[in-house]
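Notes follow, in the order I made them.

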Amino acid sequence: MEFRTIVEIPHASFEINPCEEVLLVGSCFADGIGRKFKENGFPAIVNPFGTMYNPASILHTIKRMLCSESSGEHLQAIPRIVFLTLGTNHVYRLKETGEIVDNCEKRPASLFQEEELTVSQCADYLRETVELLRGNNPEVQVVLTVSPIRYRKYGYHESQLSKATLLLAARQTSITSQTSRTSITSKTSQTTYFPAYEILMDELRDYRFYAADMLHPSEQAIDYIWERLNDWCFSAEAQSFMEEWRPIRQALSHRPFHPESEEYQRFQVQTQARLQALQEKYPNFKYDIYDTTKRIKRPR
């Protein structure tokens, strides 16, 4: 007998490789999943210019990553894997200029006008974002997600309408990207949707999967969504790497009662040897034990 509904997710048409660089831009849910990437040994770039909640602000982040505002000089190559996490369709315009701002910077509310983007407007911002990413990296795989975090300040009905707008825009963007590719886009480049929102809403309905504010997902919920993401798009090699890295990461975070004991000194040397062996096996794995942790010391 089943006591919950399971969101069925066909395996993705691409796979994330061991230690592959990943870019995540969007709401604070992107911050949570980005943290999981980093913990598991992936060099993730997470919201380099701060948390972005709406499609327009996500576009602004990608533009800033690709071009210097002053000179237009190319700055950075985009990783092959990009996650864009949508939080809301609400935006704030600075009345003086009419521009959508990414952060009100605690300025008076009277300076701004709040607006709701339509499905078409959200989809237009997302399509422009995807085309910019593809122009920089024709092999890019863009994963769209909708944050399951509700917005109490809108009222729960309005929050659901906001999420529905984003879900429709994400669907529209994914379909369009499959049917109208430009000449600079390779056949392997595409935009897909990962149902993080549906997993929390439909599988993890109980409030025990929420943080104390009853709005944000708990760590247990994030862990579960991370597992579903692993099953969806991680290669067998990437999953094998994470299995090898997990006990080493746990050893690195170990805090001893007697740090000067011979037993702990042996433990340090063994942990360092295991870490170095992992680095040799996976050359892309970037972890400097001398800079990143103070508990592992160079053997004498």
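I'm calling a residue buried under 20% relative accessible area, exposed over 50%, and partly exposed in between (1.4 Å probe, protein chains only). This is a predicted model, so I note that local features need pLDDT of at least 70, side-chain atom pairs count only at pLDDT 80 or more, and totals for chains, interfaces and linings use all residues. Residues are numbered from 1 along each chain as its sequence is written, and side-chain values use heavy atoms, with hydrogens and water left out.

**Tyrosine 125.** I found tyrosine 125 in helix H3, residues 119–136 (helices are DSSP runs of H or I, at least four residues; strands are runs of E, at least two; both are numbered from the N terminus). Its relative accessible area is 22%, so it goes down as partly exposed. I looked up its contacts (heavy atoms within 4.5 Å): leaving aside neighbours within four places in sequence, tyrosine 125 touches Pro55, Ala56, Leu59, Ile100 and Leu117. Alanine 169 is 44 residues away in sequence, with a C-alpha to C-alpha distance of 9.5 Å.

**Sheet.** I count two strands as paired if DSSP finds at least two bridges between them. Three strands make an open antiparallel sheet, ordered E5-E4-E6. The edges are E5 (100–101) and E6 (112–116), each pairing on one side only. E4 (residues 90–94) runs antiparallel to E6, joined by five bridges. Arginine 93 sits opposite glutamine 113 in E6.

**Cysteines.** How many disulfides are there? With the rule of cysteine sulfur atoms within 2.5 Å, I get zero. Cysteine 233 is buried because its relative accessibility is 0%, while cysteine 104, at 23%, counts as partly exposed.
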